[in-house]
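Good morning, colleagues. Please look at the structure on the screen while I go through its surface and side-chain contacts.

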Amino acid sequence: MKHHGALVRTTLTLDPDVAAKARRGATQLGKPFKEVINAALRLGLDQVLNPPATKTYRTQPRPLGLRRGFSYDNVAELLARAEGEDYQ
């Protein structure tokens, strides 16, 4: 891997699941643990710092109207017909 400038030594506390996954990955790849961590951080930081643009969600409006035989003139009748005669 390419190093940009001087190496920086730091202490980092990893969650147990992250450390275990990185160790398994290092073993599978036959690479040093720190190399796997650095590669993962590069990828992850790129995604965290430059999230993909969100796509605006739009719906197409449609005229719903009122079904034939119904009228807004008498709301009580409309509710009775829509919900049955037992509406309160």
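This is a predicted model: local features need pLDDT of at least 70, side-chain atom pairs count only at pLDDT 80 or more; totals for chains, interfaces and linings use all residues.

Is leucine 49 buried or exposed? With a relative accessible area of 62%, leucine 49 is exposed, because the cut-off for that class is over 50%.

Let me turn to charged side chains. How many salt bridges does a search of the whole structure find? The search returns one. Lysine 31 and glutamate 35 are the partners, and their closest N and O atoms are 3.8 Å apart. Lysine 31 is partly exposed, at 40% relative accessibility. Glutamate 35 is likewise classed as partly exposed, with a relative accessible area of 23%.

Next, the aromatic side chains. Searching the whole structure for aromatic pairs gives zero. Phenylalanine 33 does, however, have a charged residue over its face: arginine 23 lies there, at 4.1 Å from the ring centre.

Finally, I come to helix 3, which spans residues 75-83. What happens at the start of this helix? There, asparagine 74 extends a side-chain oxygen to within 3.2 Å of the backbone nitrogen of alanine 76. Just after helix 3 comes glycine 84, whose phi is positive, at about 95°.

Thank you for your attention; I shall be glad to take questions.

Note on methods. Residues are numbered from 1 along each chain as its sequence is written. Side-chain values use heavy atoms; hydrogens and water are left out. A polar contact is a pair of N or O atoms within 3.5 Å; within protein, one must be able to donate a hydrogen and the other to accept it, and residues adjacent in sequence count only if both atoms are side-chain atoms. Helices (H or I, at least four residues) and strands (E, at least two) are DSSP runs, numbered from the N terminus. Buried means under 20% relative accessible area, exposed over 50%, partly exposed in between (1.4 Å probe, protein chains only). A salt bridge is a side-chain nitrogen of Lys or Arg within 4 Å of a carboxyl oxygen of Asp or Glu. Rings of Phe, Tyr and Trp (its six-membered ring) pair if their centres lie within 6.5 Å; planes under 30 degrees apart count as stacked, over 60 as edge-to-face and the rest as tilted. A charge sits over a ring if NZ of Lys or CZ of Arg is within 6 Å of the ring centre and within 35 degrees of the ring normal.
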